[in-house]
Amino acid sequence: MLSATEAAPEVLARANPYQPHMAKIVRIQRLVENHELFTIRFLEDEMVRTFRHLPGQFVMLSIPGVGEAPISISSSSTRPEVLELCVRKTGRVTNALFRLRPNELVGVRGPYGNGFPVREIAGHDLLIAAGGLGMAPLRSLLWYALDNREKFGELILMYGSRTPADMLFGEELVSLVDRADLKCLLTVDSDPTGVWNNRIGVLPKLFDYVKLEPARTYAAVCGPPVVYRYVLERLLDLGFSKDRILMSLERRMKCGVGKCGHCSVGYKYTCMQGPIFNYWDAINLPEMI
Amino acid sequence: MKILKLPKDKLDYFASVVQSFGEVHAPVEQDGKFAFKRLARWSEARLDYDRTILPPKKYFLPPRETLFQFKPGAGYIPFAGDMEKKIVLFGVHACDVYALNILDMVFGGKYPDPYYLERRKNIAIIGVECVPDAQCFCRSMRADFVDHGFDLFFHDIGGYYLTMVGTALGDDMVLATRPLFEDVGAGDIDEYKRRSGEKRKKFQIEVEIRDLPEIFEMEYASAIWNELGEKCLSCGSCSAVCPTCYCFDVADDVQLGTRAGGRTRTWDSCLFATHALVAGGENFRKSRSSRVKFRFYHKQRGFVAEYGRPSCVGCGRCISACPVKIDVIKVLDTLREMQHVVSH
């Protein structure tokens, strides 16, 4: 019988899906209130070299002594070496994360989940529609598409927030407005600053500025419930097929690898068959949205 | 499959030899009920038991288990605990072996769980046939027989145990006691078939599972879920005693006064209020009725979609464990039989 101090069997070291890999926080940027962008880099060179993810996938982030939580990856694997995690300060793990400073360590394992079906989307137009904090899980898709621009047809970003100050990645997105290969439509509900030089109005109004071809377009949507309500309505009116409207779900997760049972919705695991679901799944799986 | 027979009066001797393959655990009587336990002596073993309080899953997915130890600067170090201990589980019923085969699918797959799978490798299983009682519906759940998942399986054919040899390890056990085992004759096979037919007639419960997933879809909004939600105490007893419930929680515990500690996983239940609670306070299954419904739905509908069969083996444990007498048979019967009277 093994005592507690003896080395773990080789199998636990070799193939352990629960093994967090330590990573260093290299940069922390405040985005909006309670939202920070953590740039992290694995300590092991092997992990830096081999970790690749699809847009829409997530990692399990550990803070020793506090616990583990699923966090979606906001950067794109087309820009490897580091991972960027846009984190909302909301639970035990994220509150602890916000107390950490650059050079401190966190544990990371993954990537998990299906991610956006980029191979399926390739060759089609892509509409990314985000409201408020919904930009966080869609940013990886945006940069993946921009960095693989030749693989996609028309690329359209519609992003709306309450005010310019509430815009996630605001500066970065504003800098994309002049790109010729992206239709970047940004809007705010109101502009208390008086210096906002993009559009003012609610997100669904942006549909007036763009001609979409539903037959050859995928739409990735994320935002608060009101965004889903109005954006989905517009997309369906335009004739989008329900399985070409994609959305990212959030659920409680303890393992990320289809075992612990927590993220189950209806008969699917958010961590395995999700977190990216299409609208057809969403209306067919109970408790989905 | 290699099949032999063991004279019943040689069982004690066989058991004494099997000890050399690992610590022998078997059902032992405990205040009128039965529990799998380490045997102090073979005579404690009660192979005539009905069902154990907890299923054998406690050996493979312990109620509480440390996965990692952590300390500052060292990250998370895998923790093996006693997962390499050799154990022989003696006297496992077919439904419970079947349940382990179901857990194998969950803990295998794309991301194999080495903690579970190592234990599965190190714990030998000797199955024994049983006699169905008033709560057994393993036959309806197609789990009254198993063709794999055990090392040896004993079928009672009167003076002998007809012995199915399932693995190389099982064969080693037989070879270690080879003179005890005899070859099977045509009469033994006939006797097995006769008894198998007799056993079939003893089932008092029959549940038709074929279109249950469809009925679950149709009755998703049924009032029955609210009624069950009113009764259910969210105690999670049904999950604890269920041989196929595998939900677990994971938490980091810090040793007092240090920054070192362990990451442990513990049994969880979808009946607990926090099961679908996410950071920020959103709870996707806030009401008790939605949680009761989820448990039934996942077992009889969700698992079928994912793994091709219900994650219920008909062992009947949840029926006796429920403090408010929610009875899976009655729930399934009601769902199938209730008629909707349409008023005009």
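Trainee: Where is H298(B) found?
Mentor: This is a predicted model. In it, H298(B) belongs to helix α10 of chain B, which covers residues 288-307.
Trainee: Is H298(B) buried or exposed?
Mentor: H298(B) has a relative accessible area of 12%, and because the cut-off for buried is under 20%, it counts as buried.
Trainee: What is H298(B) in contact with, leaving aside its neighbours within four places in sequence?
Mentor: Its contacts are S264(A) and Y269(A) from chain A, together with Y246(B), F303(B) and S311(B) from chain B.
Trainee: Changing topic, which residues touch the most other members in the largest nonpolar core?
Mentor: Those are M135(A), L157(A) and M158(A), in a core of 60 residues. Helix α5 of chain A, residues 135-147, gives the most to this core, with nine residues.
Trainee: And what does L157(A) touch?
Mentor: Not counting residues up to four places away in sequence, L157(A) touches several residues, including I128(A), M135(A), L142(A) and L173(A).
Trainee: Now chain A as a whole: how many helices and strands?
Mentor: Chain A has eight helices and 15 strands. Of its 289 residues, 61% are buried.
Trainee: What is its radius of gyration, and what would a compact globule have?
Mentor: Chain A has 20 Å; a compact globule of 289 residues would have a value near 19 Å, so the two agree.

Notes: Residues are numbered from 1 along each chain as its sequence is written. Chains are lettered from A and ligands numbered from 1 in the order in which they are written. This is a predicted model: local features need pLDDT of at least 70, side-chain atom pairs count only at pLDDT 80 or more; totals for chains, interfaces and linings use all residues. Side-chain values use heavy atoms; hydrogens and water are left out. Helices (H or I, at least four residues) and strands (E, at least two) are DSSP runs, numbered from the N terminus. Buried means under 20% relative accessible area, exposed over 50%, partly exposed in between (1.4 Å probe, protein chains only). Contact means heavy atoms within 4.5 Å. A nonpolar core is a set of buried Ala, Val, Leu, Ile, Met, Phe, Trp, Tyr and Cys residues joined through side-chain atoms within 4.5 Å. The radius of gyration is taken over C-alpha atoms; the globule rule is 2.2 Å times the number of residues to the power 0.38.
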